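Colleague: I am new to this structure and would like a close look at a single part of it.

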Number of protein chains: 2
Amino acid sequence: MMDTQDKFCVTNWLYKVGLRPTQQRIELANLLVGNNSHQHITAERLFEKAKEAKISVSLATVYNTLHTFSEAGLLNKVIVDGARCYFDTRLDNHSHFYWEDTGQLTDTPGNFLEIKNLPEPPINSEITSVDIIIRLKEKN
Amino acid sequence: MMDTQDKFCVTNWLYKVGLRPTQQRIELANLLVGNNSHQHITAERLFEKAKEAKISVSLATVYNTLHTFSEAGLLNKVIVDGARCYFDTRLDNHSHFYWEDTGQLTDTPGNFLEIKNLPEPPINSEITSVDIIIRLKEKN
DNA sequence: GTATATGCAAACCGTTTGCATGGCT
DNA sequence: AGCCATGCAAACGGTTTGCATATAC
């Protein structure tokens, strides 16, 4: 029953942006936003979680789905590391801590960081995003 | 003669951080900082430039050298794109424009961008850098 | 002489792609 | 019925690695 509610919820979440609510999308969406908490996840990690949850989905579809979702504006892509690529379920503008030792990405606490004197975009260009990454390392 | 001066200069630049001034390092260093102007360059691009300049160096050494230089504090590594990795010859804290259409990385004009209310680093961690990337796309 | 840098080619790894199959409307 | 999503496996591309050779001190 809770399950049905969840599925209904993400189905709408998909419909709103014109995406077909296929089985894989619904189940991945539930893993991503089903519990109403925010997360920063990589494709590989989501694939693992899907396997743990006995969801039948291929790695290619996980990649496809994450990109489709982020192009549709349901997720934000965050690039902090040359290797991996993170997807953020929080959509508002906010900055991140990147833990270089563990590879974890978290939101910065509070939301009061602000930028003064943001430069104007050069002519014939527009700003798509302003990404702020605060890189952390363990203090010894 | 100008050439000798340049080589002497980068030799010192290397010595100061305890790096052996080998032929490849000297020549790559000249390509990087020899002309006193700042640049944002990828390993592949530097390798191309080296070939153009008839410098005998392997791609592996270009990668090695760029990492060695950045670990020694002679260059800054900038991550903006999941694929490539950029190295910045400017060492002070500054923000970047990233042109998504062309893959170019440039400094933002002026230097008056400032951050208010930077969050405190969590306990047992310290900030290694605060990276600000302003992503741009062409306006149609 | 010894430690370190270099070159080469092969391995690596996250990601993407092509194409045949399956599912949604 | 038709379009779109999925799965598989192979390709991709920037980067890294292992090891033999060459170079700096």
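Which residues around DNA strand C come nearest?

Modeller: This is a predicted model, in which local features need pLDDT of at least 70 and side-chain atom pairs count only at pLDDT 80 or more, while totals for chains, interfaces and linings use all residues. Residues are numbered from 1 along each chain as its sequence is written, chains are lettered from A and ligands numbered from 1 in the order in which they are written, and side-chain values use heavy atoms, with hydrogens and water left out.

Of the 22 residues around DNA strand C, those that come nearest are A:Tyr63, A:His67, B:Thr22, B:Ser58 and B:Thr61; a residue is near a strand if one of its heavy atoms lies within 4 Å of it. The residues of this surface comprise 10 nonpolar, seven polar and five charged (Ala, Val, Leu, Ile, Met, Phe, Trp, Tyr, Cys and Pro count as nonpolar, Asp, Glu, Lys and Arg as charged, and the others, Gly among them, as polar).

At least two residues each come from helix 3 (43-52) and helix 4 (59-71) of chain A and from helix 2 (23-33) and helix 4 (59-71) of chain B. Helices are DSSP runs of H or I with at least four residues, numbered from the N terminus. Helix 4 of chain A gives the largest share, four residues.

A polar side-chain atom of A:Tyr63 lies 2.4 Å from a phosphate oxygen of DNA strand C. A base nitrogen of DNA strand C lies 3.2 Å from a polar side-chain atom of A:Arg20.

Conventions
Polar contact = N/O pair within 3.5 Å; in protein donor to acceptor, adjacent residues only side chain to side chain.
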